[in-house]
Amino acid sequence: QVQLVESGGGLVQAGGSLRLSCAASGRPFSTYGMGWFRRAPGKAREFVARISSSGESTRYADSVKGRFTISRDNAKNTVYLQMNSLKPEDTAVYYCAAAASSFGSSLEPGYAYWGQGTQVTVSS
């Protein structure tokens, strides 16, 4: 069993920064990869970033690469998404997810557990 709780969402102006956090509990946090997804209004949930269980490997969607950084602190059972240079098109509900593998996946079926989501709104 894994429980995930996101936090850190809010309203920010374009060009600003925001850091999302996802606190995990349940099975040992260091054993599974983590991912961030987002769902914009009227759109399907899409991949944003993923990180391996060790934190050594990361992947990003093309739309956020160079602006967003995923990281994790296994001692704190927490994964982060640092979002810089935010754009209005980044507006979405952001979800963290725990993968079935140690690396994670860019696809939703690769994740067994999901958080409740946190709203990020970027104004222009």
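Strand 3 and strand 8 pair in the antiparallel sense over six bridges, where strands are DSSP runs (E, at least two residues) numbered from the N terminus and two of them count as paired if DSSP finds at least two bridges between them. The model is a predicted one, in which local features need pLDDT of at least 70 and side-chain atom pairs count only at pLDDT 80 or more, whereas totals for chains, interfaces and linings use all residues. Residues are numbered from 1 along each chain as its sequence is written, and side-chain values use heavy atoms, with hydrogens and water left out.

Strands 7 and 8 form a hairpin with four residues between them, and Asn77 in the turn adopts a positive phi of about 55°. Five of the six residues of strand 8 (residues 78-83) are buried, so this strand is largely enclosed by the rest of the structure; buried here denotes under 20% relative accessible area, computed with a 1.4 Å probe on protein chains only.

One disulfide is found, the criterion being a pair of cysteine sulfur atoms within 2.5 Å. The disulfide is formed by Cys22 and Cys96, whose sulfur atoms lie 1.8 Å apart. Because Cys22 belongs to strand 3 (residues 18-26) and Cys96 to strand 9 (residues 92-99), the pair ties together parts that are 74 residues apart in sequence. The link of Cys22 and Cys96 is right-handed, with 45° about the S-S bond, and both Cys22 and Cys96 are buried.

Terms used: Buried means under 20% relative accessible area, exposed over 50%, partly exposed in between (1.4 Å probe, protein chains only).
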